[in-house]
Structures are given as C-alpha cells and as structure tokens.
Amino acid sequence: MKALIFTGAFGMGHYSAAEAVKEEILREEPEATVIIIDMIEYIFPKFSELIYLIFNFMVNKFSLIYNFFNKIVAKRTSVPLKKSVIKKIDLLLKNNDVDLVISTFPACSQYFSAYKKMRNCNIPLYTYVTDISVNEEWISEQTDLYFVGSDITKNSLLCKNVDSDKIVISGIPVKQNFKEEKIIEKSKDKKEVLIMGGGLGLIPCAIDSLEKLSKDDNIKITFIAGKNKKLLEHVKEKYPNVESIGYTDKVDQYMKKADLIISKSGGITLFEAIFSGTPLYVIRPFLYQEIGNALYIQDSCIGKVIWTNGTDIYEDVTSLLNNELLLKNMEENILIEKEKLQSTSPLDYYYGGITACY
C-alpha cells in the first residue's frame, strides 16, 4: 500500500489531520508507505510562503475580511487546472506507485478530482472534512469517500446531493495518543483549566481573565501557547502562578487531566477534546468555519460557547467549574458523540471490509 496525503498549512488543523490519518494507516499496516504533501507548496513553490503569510495576517488582523472572502471562495466548486499543474501531478504519480490519494484540504480535493477526470485516473480519492460545517468547496466530483465529523456534516452533504454511501461519520482525525485509553488522575484538591490558543495563538478574551483565574486558590491554570513564543513569554512574565508551556507533544495528557478546556473551536481541537472526554469553553468564535464548530459544541451540550461581549469570563468559568452536575452531563454527552463514530481507518474502506453507510 502506498498513499499520498494532500494538505495545506493554513493554520495547523489541515496538516495535523493529515498526520493523524498517516498514523492511522501505519497503525493498520506498518509496512505501508504514506507521504504527506503540502499541495500549495508543491504546486506553487515560489509563492507558497507568501500565500501562507497573507493567510496568517488576514486571520489575525482582518478576520471579517477573511470570513467574507472565505464565503466567496466556498461557492467555487472547481479550480483552474493549468498544464503546469497537470505535469506536476503527472510527475508525482509517475515517481510514486500510488494506490490511494487522501485530501485534508478542499482545494487539494478539487485539484486531484479535476486531474482524475482529465486523465481518466482511477486512483481512489478520500476527502477528510476538517470542520463540522461544510460548504461547496469541499465537494468534488471524483471524490470516492468523504470522512466527516458528525451527522450534521453528513446531512449537509446529503443536501448538496452527495450520495449517502459516500459519507463516513468518522470524526475529524486526531492523533492516536488522544484515542488511547490511559487513566490520568485528575486533581482532587483543585479544578484544572487548560487554556489553548491553537496553531495561530488566537485566544480572544481568555488572557484578560488569566489574572483572576490564576489567583483563585481553587483553580490550577495550564496555558499552552504552542509556537507563539511572544505570547508564551508574556504569560510567563505577567502571570507567574500559571503553568505556561510552549509547543508540546503531550497535549493529550494535559487535555485528559483538565476539567475544562478554554480554546478556540478549531475542528482538530474539538475532536481532541471529544476523545479526551473534556468539555470545551469557547469565547466569541469569529472565524467562519469555527462558528459552525461552536454551534455543534453548544447544540450537542459538550461545552459552553460565549457569543457576545459583556460576560464576566472569570465568574462564568468558576460557576461552571462549581456545577458538578452540569460538567458531568457534558462529559456524558461527549461519550454519546464519540460512540456515534465509525471506523477511522481509510484502509478499512479501501480494502472493502466496511461500507460507508449504516
């Protein structure tokens, strides 16, 4: 088995999903060859760095404009397939005896779907949707299977005329250590709150509440800044009572140990929390795709979402932490959502052992 996983480094979610799918394949078939390819970098080597720089700038500084353009782009269901792009994909397939192509980014699905049609290529294409909300951009004619996070996503695809037998409710891909059933002791003396910023370090309002939260003797705060070194140094200097860490490969342990996770509602973070069994607390989601994830959190009662200004975050968080019955109910709902998921290995479907519909 040889698989190519196409992705894009817009934030960390799409690439993280690609790595998680790779882990899943190698867990099932250790002798398999799995290659992750940043398609933006591969197709546009001279411009990829600028493309990502502009993306990060827009998300951080002009989120309203980003959302506007996101909605416009989402309505496009095709991509320009120039001769240079065809040649690059031809070369990629020629140098790799590929059995399966997987995509964790919508443009990648569009490009390879168009290529399949043009070249009459019969290599299966599996698309992993990395958010709960799904728009037309994710849908491509030559996609053989869609792996989605929930029945909400499935129903949305059905409304867009995708066949039911092409949709697998697998959850958004997360790495294996989140799925391992490890017993991690939670503190009996204090409630533990984990604050995470995601790949771009976006934690609206959470930092403003750190001072009060860090001084509460009944709460232990852990802050993960990821690769945002400037933010990490700021928190370390201003809030000495907070356990502040940068990039870590032990996020699963911190999540499982926490009683509550304060974070942005990215698709990967959402399902990392679900597999960790820990409720989420989301403060004013503002990116287009993360609003859909936040609605899922709220409607499934697996956490709490603050939508508007004016909420005293410290008072609200402490009130939730002191409500044992509500926290327990959220944890039970998380278990219900997790039990809905089908097999997460693409190989189960590639080898024909499982059908997508149920």
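Is Phe 147 buried or exposed, and at what relative accessibility? Phe 147 counts as buried, at 0% relative accessibility, where buried means under 20% relative accessible area, exposed over 50% and partly exposed in between (1.4 Å probe, protein chains only). This is a predicted model, in which local features need pLDDT of at least 70 and side-chain atom pairs count only at pLDDT 80 or more, while totals for chains, interfaces and linings use all residues. Residues are numbered from 1 along each chain as its sequence is written, and side-chain values use heavy atoms, with hydrogens and water left out.

**Aromatic pairs**

- The structure holds seven aromatic pairs; rings of Phe, Tyr and Trp (its six-membered ring) pair if their centres lie within 6.5 Å, and planes under 30 degrees apart count as stacked, over 60 as edge-to-face and the rest as tilted.
- One of these pairs, Tyr 128 with Phe 147, is stacked, at 4.3 Å centre to centre and 5° between the planes.
- This pair links distant parts of the chain, with Tyr 128 in strand S4 (residues 125-128) and Phe 147 in strand S5 (residues 145-148), 19 residues apart; strands (E, at least two residues) and helices (H or I, at least four) are DSSP runs, numbered from the N terminus.
- Tyr 128 also counts as buried, at 1% relative accessibility.
- The ring centres of Tyr 350 and Tyr 351 are 5.1 Å apart and their planes lie at 75°, so this pair is edge-to-face.
- Tyr 350 is partly exposed, with a relative accessible area of 27%.
- One aromatic cluster is formed by Tyr 126, Tyr 128, Phe 147 and Tyr 349.

**Gln 176 and helix H8**

- Gln 176 belongs to helix H8 (residues 176-179) and is buried, with a relative accessible area of 16%.
- Its side chain makes a polar contact with the side chain of Glu 24 (2.6 Å); such a contact is a pair of N or O atoms within 3.5 Å, and within protein one must be able to donate a hydrogen and the other to accept it, with residues adjacent in sequence counting only if both atoms are side-chain atoms.
- Neighbours within four places in sequence aside, Gln 176 is in contact (heavy atoms within 4.5 Å) with Glu 23, Glu 24 and Arg 27.

**Positive phi in loops**

- Asn 161, a residue other than glycine, has a positive phi near 70°.
- Asn 161 is found in the loop between helix H7 (151-159) and strand S6 (167-169) and is exposed, with a relative accessible area of 71%.
- Cys 301, likewise not a glycine, has a positive phi of about 55°.
- Cys 301 lies in the loop between helix H13 (288-299) and strand S12 (303-306) and is partly exposed, with a relative accessible area of 38%.
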